[in-house]
Amino acid sequence: MSVTNFINRTISLMYSENYILMPTIFQLIVLIVLYSAGMAIPIFNLGLVGNAITAHIYGAAIVVILSFFIFAAAMRSNNLKLKALGLLNVLFCIFAAFEGLFYFGGYTDPMYALMMGIGFLGVLFSSTAITVEVTQKSQHYMSI
């Protein structure tokens with residue numbers, strides 16, 4: 001294989017997978033902030049008014065938007081595993097947001113908080129799996 005072909009294949013892979021990798025990494029960073037803001041509410045006995053709940057709500061909105069971006073980028077790829085993980089990411093994200101709306105909307109049943117946490121973990125694991133899949137694919141592609 002010539003050097004020119006290798007460079008062209010590497011550049012085409014990075015451009016096609018970059019649309020999935022960057023939003024996923026940004027989603028993981030926002031999830032860390034979202035967790036910190038969400039856990040500050042019960043730990044420091046904060047009410048549902050103030051900076052922590054505002055950061056939590058805006059962070060959740062950003063994660064939902066990013067999950068749709070990730071799903072759209074995964075649908076453009078030819079990788080079935082990325083498509084499935086992108087769909088799982090969207091479903092877990094919608095599930096966590098739906099349960100969070102009930103929990104912070106006035107029904108302070110701990111079961112809603114538990115389900116919101118399960119949705120959060122699903123989003124965390126699916127976005128981490130997407131990141132690992134894309135980086136492993138690029139490493140395998142680079143070694144050829």
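Predicted model: local features only at pLDDT ≥ 70, side-chain atom pairs only at ≥ 80, totals over all residues.

A: Residues are numbered from 1 along each chain as its sequence is written, and side-chain values use heavy atoms, with hydrogens and water left out.

Q: At what angle do the axes of helix H2 and helix H3 cross?

A: Axes are lines fitted to C-alpha atoms, for helices over the stretch in contact, with angles from 0 to 180 degrees between N-to-C directions. Helices are DSSP runs (H or I, at least four residues) numbered from the N terminus. Here H2 (residues 51-76) and H3 (residues 80-104) cross at roughly 160°, and their axes come within 9 Å. H2 is therefore roughly antiparallel to H3 (an angle over 145 degrees).

Q: Is isoleucine 20 buried or exposed?

A: Buried means under 20% relative accessible area, with a 1.4 Å probe and protein chains only. Isoleucine 20, in helix H1 (residues 3-43), counts as buried because its relative accessibility is 0%. Its contacts (heavy atoms within 4.5 Å) include Ala73, Leu82 and Val134, not counting residues up to four places away in sequence.

Q: Which residues form the largest nonpolar core?

A: In soluble globular proteins, nonpolar side chains tend to be buried together. A nonpolar core joins buried Ala, Val, Leu, Ile, Met, Phe, Trp, Tyr and Cys residues through side-chain atoms within 4.5 Å. The largest one has 9 residues: Ile20, Leu21, Ile70, Ala73, Ala74, Leu82, Leu85, Ile130 and Val134. H2 gives the most to this core, with 3 residues.

Notes: Helix = DSSP H or I, 4+ residues; strand = E, 2+ residues; numbered from the N terminus. Parallel < 35°, antiparallel > 145°, perpendicular 65-115°, else oblique. Buried < 20%, exposed > 50% of the residue type's maximum accessible area, 1.4 Å probe, protein only.
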